[in-house]
Amino acid sequence: MSYSANPSFDQYYDRVLTESGQDIFPEERFASRFDRTLFGAPGRNFSSSIGIGVQNNLEAKVRERDTTKTEPRKVQLIKSLNFQTAYNLAGDSLQWSPINMSAVIPITKKIDLNLNANLDPYALDANNRRVDEFNINNGGSLFRLTNAGARLNFTLSDKDFTRSEDDEEDDLGDEKVENRSLSQGGREDDLFGKPLDYAENYKNKKQDPEEVNVDEKRYRFKIPWRLNIAYTMTYNNAARQNEINRQSLMVSGDVELSPRWSVGGNTGYDFANNGISFTTLRFNRDLESFRMSFNWTPIGPNQSWFFFIGIKASALSDIKWDQRRQPDPQF
């Protein structure tokens, strides 16, 4: 619960009549002596409102199939479910604000579904204007869904499909130690510690970093990559449009071809306008003391490119050279 109030400073406003063009009737407006000043004019209308908000998350405890485990497993069904509205104490009509709803629902371990909606309790007249009458009293439902949105995104990388050699060596080492411990009369729960093989530890000793081959610093046998995929959709029904005004699928990613070369980009498809969305390609090169980059927008009305090369050190950041092609001007 929250409360907010704004006092009225109508004493600093003057009622003026303006005549312009061939208008017979002058236009009435209120002007303040503080207009176009540093902090602007104060509020002319008095407001007093109470804010109401509810925040939720939903979890469940699932019994494990393994009978040896005594504690249930906790599962997250809804990460967050929030509702917000306000009641205007100073207003004579339309005192309730629309209810803003947002939710985050986990689909899988790496995918979340983000939802948002706006629920209006008041009805519309024949001219699609809000009237001081609840929608349920006007023959409709309890709330009107004025707009809504959904977003689904997930990320994939090379780490999701490969396993590091260190983890495999650790598992093999643990398996060897466990088998050796059992063969020597040890316990499965490792109550008295694991036996140590000093010969094996000496054999697996890490190599001195100075003795590492120089080629390993320049070339990479495993190419890291990252891929982001997102889907967004918005629905609009504020004035009985009942339409999906935005719907797009966006893809972006990066690939490290070598420890000093990286290539990336982003693109997508707009289903509402039936066209490819904003597309950009990125090329980056690490030159040790320098850095070089090239960004290119190949298609669309904002076709352009930008090339940059400069020193990394912030003290010498002014030593640089860049060149660009601006998008074509639109009138």
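Which residue lies over the face of phenylalanine 30? That would be arginine 44, at 4.2 Å from the ring centre (a charge sits over a ring if NZ of Lys or CZ of Arg is within 6 Å of the ring centre and within 35 degrees of the ring normal). Bear in mind that this is a predicted model, where local features need pLDDT of at least 70, side-chain atom pairs count only at pLDDT 80 or more, and totals for chains, interfaces and linings use all residues. Residues are numbered from 1 along each chain as its sequence is written, and side-chain values use heavy atoms, with hydrogens and water left out.

**Aromatic rings**

- There are 9 aromatic pairs here (rings of Phe, Tyr and Trp, the last by its six-membered ring, with centres within 6.5 Å; planes under 30 degrees apart are stacked, over 60 edge-to-face, the rest tilted).
- One of them is the tilted pair of phenylalanine 283 and phenylalanine 294, at 6.2 Å centre to centre with 35° between the planes.
- Phenylalanine 283 sits in strand 15 (residues 280–287) and phenylalanine 294 in strand 16 (residues 290–297), so this pair ties together parts 11 residues apart in sequence (strands are DSSP runs of E, at least two residues, numbered from the N terminus).
- Ring pairs also link Phe9, Tyr12 and Phe34 into a cluster.

**Salt bridges**

- The count is 11 salt bridges (a side-chain nitrogen of Lys or Arg within 4 Å of a carboxyl oxygen of Asp or Glu).
- Lysine 74 pairs with glutamate 59, their closest N and O atoms being 3.9 Å apart.
- Lysine 74 is exposed at 57% relative accessibility, while glutamate 59 is partly exposed at 39% (buried is under 20% relative accessible area, exposed over 50%, partly exposed in between, with a 1.4 Å probe and protein chains only).
- Aspartate 120 and arginine 144 also form a salt bridge, with closest N and O atoms 2.9 Å apart, and both residues are buried.
- Arg260, Asp286, Glu288 and Lys312 are joined in a salt-bridge network.

**Around threonine 279**

- Threonine 279 is in the loop between strand 14 (275–276) and strand 15, and is buried, with a relative accessible area of 10%.
- Its side chain makes a 2.9 Å polar contact with that of threonine 267 (a pair of N or O atoms within 3.5 Å; within protein, one must be able to donate a hydrogen and the other to accept it, and residues adjacent in sequence count only if both atoms are side-chain atoms).
- The threonine 279 side chain also reaches the backbone oxygen of serine 277 at 3.0 Å.

Methods. Helix = DSSP H or I, 4+ residues; strand = E, 2+ residues; numbered from the N terminus.
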